Amino acid sequence: MALLMRCTHQGTELQVFGDKLQCPAHGSKFANNGDVTNGPASSGLRTFPIVIDNQQLKVSLK
Amino acid sequence: MSLKQLQFLIFILLSNGIVLAQIDSALLKKVQQDTAIGMNMDAVYNRPFIDVGKFPVSLGGYMEVNWQHLGTDGISEGHQFQARRLTLFVASSISKKIKFLSEIEFEEGGKEIAIEFASIDVELLPLLNLRGGIIMNPIGAFNQNHDGPKWEFTDRPISATQMLPATLSNAGFGLYGKYYSKDWMFGYETYLSSGFDSSIISNPENKTFLPASKENAERFEEGNTLFSAKIGLLNNSYGEIGVSYMGGVYNTFEEDGIVLDKKRRLDVFAVDFNTTLPKLNTFITGEWAWVKIDVPATFTQQFGNKQQGGFIDIVQPVLKRKILDWDKAVVNLSCRLEYVDWNVGKFNETNGNIGEDLWSIMPAISFRPTQQTVIRLNYRYSNQKDILSNPPSKTAGFILGISSYF
Ligand code: FES
């Protein structure tokens with residue numbers, strides 16, 4: 001699964017710390033599956049399915 | 001999925017354009033063509049590729065409106081309507097690992113406009129980020145975490161705004177970083193910035209008053225150097241504690257090479273913590289700070305050389321369910337306890353305690369239709385003693401407010 005690194009609160013790009021993602025703007029935190037663990041964001045990150053096809057990794061944006 | 005993979009995927013996502021039908025157009029961006037002339041062999045690259053580019057500038061903010069009815073010693077101030085503040089927040093990713101973040105605050109209907117925060121952050125490593133600009137000094141927890149909608153109370157803590165003085169930001173540079181391992185997180189911040197001036201002991205309040213320094217419009221250009229630093233430790237199940245310090249010379253000790261006074265320092269220590277109790281889900285957060293100032297001996301003891309104070313908020317969610325059209329609405333019952341001693345110590349002559357302390361208790365009920373908006377009703381009861389510890393003046397009343405991110 002791929003994540004869109006865009007905070008669901010007000011759209012700031014997230015920073016990666018270990019297996020967590022944090023928003024530098026108001027401190028929302030997300031787990032590596034995209035779930036919110038800390039507000040003010042209230043919904044999870046946008047995720048995209050991936051497939052590994054013959055050594056190629058494909059991210060579906062649909 | 002391991003972290004490496006995760007980052008790799010994110011990287012792929014951000015750098016590759018994959019043309020598929022029915023893709024949300026917000027994710028796509030046309031590549032600019034930088035040359036009009038191309039050879040036939042270039043044609044293959046010259047197609048209108050679609051790219052996932054840098055995120056656009058994000059724009060947001062929050063605002064606060066209050067109604068209050070307070071009285072001191074039985075004398076009412078009547079109904080007061082206050083549009084306390086409107087804060088605009090602009091951020092953008094300049095390029096990979098380089099970000100711009102800013103926060104501009106309009107207070108009192110626009111009479112006071114301040115850049116609270118405006119920084120360029122360059123991420124070298126997760127543990128090593130460079131930040132430059134107008135930074136928020138990391139003293140205590142409230143100064144940096146002051147967004148209205150995050151709190152259950154209409155007023156900012158007295159110790160954090162009148163003593164410390166939030167929101168304190170200065171022009172400066174520094175480093176910060178974080179490190180995660182399983183349930184633990186360690187973070188640090190350290191900055192060199194512009195700092196305080198002698199107005200902290202010569203101001204209309206006639207007491208040692210750190211916020212006086214913020215009146216000086218020149219503080220972003222010149223003045224004394226302030227060092228500030230904070231380390232924080234967080235555990236997912238126990239909570240977070242932070243220890244912070246800021247200090248530096250505050251007076252003008254020389255001018256044009258002529259020594260006017262010795263260097264006089266200001267030092268501030270603070271501790272903060274927050275935790276959520278298991279099962280009950282009670283959220284507790286607080287901070288306590290100690291201020292030490294080298295006040296010239298020629299000053300009367302009215303100007304304290306030591307101050308201390310803090311607050312603690314206890315927030316108990318009592319209802320968490322669908323209310324009207326809001327699926328995850330919450331109702332909280334909370335209480336804030338505050339204390340500030342503006343002048344710690346005893347009088348030299350009489351050995352009696354120097355008064356000037358204040359305490360306040362503020363029960364609250366708040367309703368959050370979503371995490372980002374709060375409607376809150378507070379009752380304040382506070383008690384302020386003058387310097388001679390005469391019977392205190394009592395303030396009491398109701399405050400109702402709305403605060404929301406937008
Ligand atoms: S934009 Fe991410 S927490 Fe506000």
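# Close-up views of a predicted two-chain model

**View 1. In the predicted model, Asn235(B) stands opposite Gly239(B), a residue of strand β11 of chain B.** Strands here (E, at least two residues), like helices (H or I, at least four residues), are DSSP runs numbered from the N terminus. A hairpin of three residues leads from β10(B) to β11(B), and β10(B) pairs with β11(B), residues 239-249, in the antiparallel sense over nine bridges; two strands are said to pair if DSSP finds at least two bridges between them. Residues are numbered from 1 along each chain as its sequence is written, while chains are lettered from A and ligands numbered from 1 in the order in which they are written.

View 2. Strands of a sheet pair through backbone hydrogen bonds, which may be of the parallel or the antiparallel kind.

**View 3. Pro392(B) sits in a loop between two strands of chain B.** The loop lies between β19, residues 373-384, and β20, residues 393-405. Pro392(B) counts as partly exposed because its relative accessibility is 28%; buried means under 20% relative accessible area, exposed over 50% and partly exposed in between, with a 1.4 Å probe and protein chains only. When residues up to four places away in sequence are not counted, Pro392(B) touches Asp73(B), Asn383(B), Gln384(B) and Lys385(B), where a contact means heavy atoms within 4.5 Å. Leu358(B) is 34 residues from Pro392(B) in sequence, and the two C-alpha atoms are 8.7 Å apart in space.

**View 4. Four strands of chain A form an open sheet.** The strands follow the order β2-β3-β4-β5 and pair in an antiparallel way. Its edges are β2 (15-17) and β5 (36-38) of chain A, each of which pairs on one side only. From one strand to the next the twist averages 35°, with axes being lines fitted to C-alpha atoms (for helices over the stretch in contact) and angles running from 0 to 180 degrees between N-to-C directions. Inside this sheet, β3 (residues 20-22) and β4 (residues 29-31) of chain A run antiparallel and are joined by three bridges, and Lys20(A) stands opposite Ala31(A) of β4(A).

**View 5. Chain A as a whole contains eight strands and zero helices.** Its C-alpha atoms fill a box of roughly 40 × 25 × 15 Å along the principal axes, and 48% of its 62 residues count as buried. The accessible surface of chain A is about 2,600 Å², with 42% belonging to carbon and sulfur atoms; such areas come from the Shrake-Rupley method with a 1.4 Å probe, and for residues only the protein chains shown count as cover.

**View 6. Chain B as a whole contains two helices and 20 strands.** Of its 406 residues, 44% are buried. Chain B exposes about 21,200 Å², and 62% of that area is supplied by carbon and sulfur atoms.

How values were computed
This is a predicted model: local features need pLDDT of at least 70, side-chain atom pairs count only at pLDDT 80 or more; totals for chains, interfaces and linings use all residues. Side-chain values use heavy atoms; hydrogens and water are left out.
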